[in-house]
Amino acid sequence: MTGAVAAVEIDGVTKRFGEVVAVDNVDLAIDDGEFFALLGPSGCGKTTTLRMIAGLDLPTEGSLRIFGEEVGMAPPDLRPVNTVFQAYALFPHMTVRQNIEFGLRMRRVKDPELSQRVAEATGMVRLSGMEDRRPDQLSGGQQQRVALARALVNQPKVLLLDEPLGALDLKLRQEMQQELKALQRSVGITFVFVTHDQEEALAMSERIGVMSEGRLLQVGTPREIYERPASRFVADFIGRTNLLDASVEPAGEVRLANGARIEAETSLPAGSEVSVSLRPERARLQPRGTAAAEGSSLDGQVRDITYLGHAVVYEVAVGEMSVEVRVEGETGQPFAPGDDVTISWDHGAAAVVAD
Amino acid sequence: MQPAGRASESTRASGEKAAAQAQRRQGMLLASPGALYLLIFFVAPLALISVYSFATRTSTGRTSLSGWNIESYRAIGDDVILGIIGRSAWLATLTTALCLAVGYPFAYYLATRPRHVRAILLVLVMIPFWTNGLVRVFAIRFLLGSNGPASALSESLGFGTFRILFTPTAVTIGMVYSFLTLMVLPLYVALERMDWSLTEAARDLYASGSRAFWKVTLPLTKSGIVAGSVLVFVPSFGSYVVPDILGGAKTLLIGSYIARQFRDARNYPLGAALSVLLIVAMLVAVALNQRSGSGAEGGDRPRRRRRGRARTEPEPAAVS
């Protein structure tokens with residue numbers, strides 16, 4: 001937001017498929033050189049948004065600019081963007097090299113530039129020596145690299161990635177996350193990627209746009225999204241959290257449904273029905289009566305314990321509510337079911353979110 | 001569980017063998033009625049035809065099975081017969097090309113409709129195919145006749161009446177009509193299986209709509225094109241009913257010529273030799289189809305090998 005022209009600017013874009021509203025009046029600006037994630041559950045409109053940037057779907061309403069140029073209705077071949085498709089969509093009747101050089105050939109790039117750029121892209125994704133194989137002779141990770149090279153070789157202004165790591169197993173996915181980040185830094189191209197995996201979005205992107213039911217709910221850095229969710233949905237979707245029903249009191253205090261008053265900052269007017277989002281790992285557990293004076297606390301009783309190795313998760317009954325507390329690297333004494341405990345957290349650790 | 005399983009491994013192995021044997025026997029039992037039918041009504045007549053093709057036609061028009069020779073095959077080299085074969089091949093090629101030109105866009109349209117629409121359209125495609133072929137060819141004859149609606153339409157538009165019945169054009173029209181379904185169905189199957197994200201990828205990589213079609217869609221539906229072409233070419237080449245009804249004397253094709261050998265000329269050996277030739281040509285076409293069919297998908301072969309390996313792998317795992 002430095003006043004420079006945005007890489008992608010989506011302005012009041014709506015997409016309807018018949019009666020279904022897939023994308024509902026979305027405004028979004030993605031900066032030049034940014035690694036941006038569109039995150040949301042399946043069917044939230046994130047892929048449709050991506051496809052509209054690519055030109056594979058056309059918006060029903062609104063305008064879409066790429067580096068200031070209106071492209072909303074332009075066909076995909078006339079847009080300076082390339083896509084890494086969900087299942088890669090590699091041409092099965094072509095070799096790796098033919099796949100990678102496809103875009104350049106379509107734009108009539110000739111040798112020696114053609115082979116030089118193909119070699120560069122092939123080397124960049126570490127596929128040198130595999131140029132003559134066909135896609136079905138490659139592993140999933142290698143296919144993924146071909147898809148990346150096939151898109152990046154064209155030096156697009158924006159690279160779009162549709163669930164790029166979804167088809168890979170966990171270990172490979174984590175490796176590719178690092179690799180994609182490094183790749184984005186080295187090429188300096190704006191990456192827009194779509195994922196339903198919140199951890200992936202947090203780990204990889206500089207900013208995240210959370211979508212649900214066609215609407216863009218919140219845009220922010222991973223930290224902002226995680227620690228200051230704008231709504232109950234965002235708080236619940238990103239990571240684990242305790243959502244405690246509450247209402248805003250006149251003095252800016254927040255009162256939980258069980259009557260307990262807690263300290264929390266909110267700009268919402270008094271009387272608003274809200275939720276307090278308390279992350280399990282931000283809460284502490286102490287024997288009843290030993291809680292520090294600072295911050296907020298709730299008294300409860302341990303109901304259930306889940307041992308995870310690196311952490312222990314306590315389910316604590318607080319009146320009618322159930323609060324999850326996650327103790328990492330277990331310090332202090334462990335608790336047993338039935339123990340009377342006090343849950344406490346620092347000022348600012350809980351977020352108040354509108355329902 | 002595991003030690004017990006290991007101990008009884010040898011007995012289980014022999015039991016497995018017996019089960020496989022029983023399964024094989026059962027399979028043979030299931031196949032036997034069909035096999036018997038084919039043996040009596042397909043293999044036997046075919047063998048008879050092959051034998052006849054080496055026989056001699058006596059001066060009285062009978063067929064003598066003594067003294068086998070290849071005279072009938074030599075007779076095929078005759079200019080008249082070669083001309084008939086050439087004309088048949090040309091008309092079959094033309095029919096195939098026209099079926100492809102008409103059938104591809106149609107199959108494309110069909111395959112890109114929503115699922116429920118597709119089902120209805122497919123039935124509509126099949127209806128003429130299920131209708132008696134003879135009736136359909138007579139319908140064409142009526143349509144194209146000089147007193148028929150096509151001619152009347154042309155006259156009312158000021159082009160005058162036309163005479164196309166009993167010409168190669170009429171035969172081609174009739175054959176395209178008769179065999180179009182055979183082209184559309186394999187094309188439909190190929191297009192229906194098409195992964196459209198591939199054409200989207202091509203569009204995304206700067207290919208215009210038409211270039212995406214030529215570079216991606218067409219090569220990936222090659223198997224359907226080849227299969228449809230063989231399915232149309234083979235019956236067109238040997239076609240007998242259509243040229244007989246629509247062609248008249250000027251368009252004598254190999255199918256009619258063979259029929260004439262058996263029916264009128266009473267030259268069974270020549271008819272049989274021509275039939276054998278037709279069958280061999282057909283087998284060659286099918287073999288070529290098979291080969292290009294597996295070549296079309298390129299890396300198909302290694303994949304099949306891998307699949308074969310994968311199939312043997314789970315077995316030991318299932319044992320333990």
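Two strands count as paired here if DSSP finds at least two bridges between them. Keep that in mind for the second stop, and remember throughout that this is a predicted model.

**Stop one: chain A as a whole.** Along the principal axes, its C-alpha atoms fill a box of roughly 75 × 45 × 40 Å. Colour by burial next, and 42% of the 355 residues of chain A count as buried. If you draw the contacts in chain A between residues at least 6 apart in sequence, 65% of them join residues at least 24 apart.

Now select residues 311–318 and 321–328 of chain A, which are strands β17 and β18. How do these two strands run? They are antiparallel, and 8 bridges join them. Pick Ala311(A) and look across to β18(A), where Glu328(A) is its bridge partner. Then move to the turn: 2 residues lie between the strands, and Gly319(A) in this hairpin has a positive phi near 60 degrees.

**Stop three: where the chains meet.** Bring chain B back into view. The contact draws 21 residues from chain A and 19 residues from chain B. On the chain B side, select α9 (196–204), α10 (209–220) and α15 (300–312), each of which supplies at least two residues. Which element of chain B gives the most to this side? That is α9(B), with 6 residues. Finally, colour the chain B side by residue class, and you will find 9 nonpolar, 4 polar and 6 charged residues.

Notes: Residues numbered from 1 in each chain as written. Chains lettered and ligands numbered in written order. Predicted model: local features only at pLDDT ≥ 70, side-chain atom pairs only at ≥ 80, totals over all residues. Contact = placed C-beta atoms within 7 Å. Helix = DSSP H or I, 4+ residues; strand = E, 2+ residues; numbered from the N terminus. Nonpolar A, V, L, I, M, F, W, Y, C, P; charged D, E, K, R; others polar. Buried ≥ 20, exposed ≤ 12 C-beta atoms within 10 Å, placed from the backbone.
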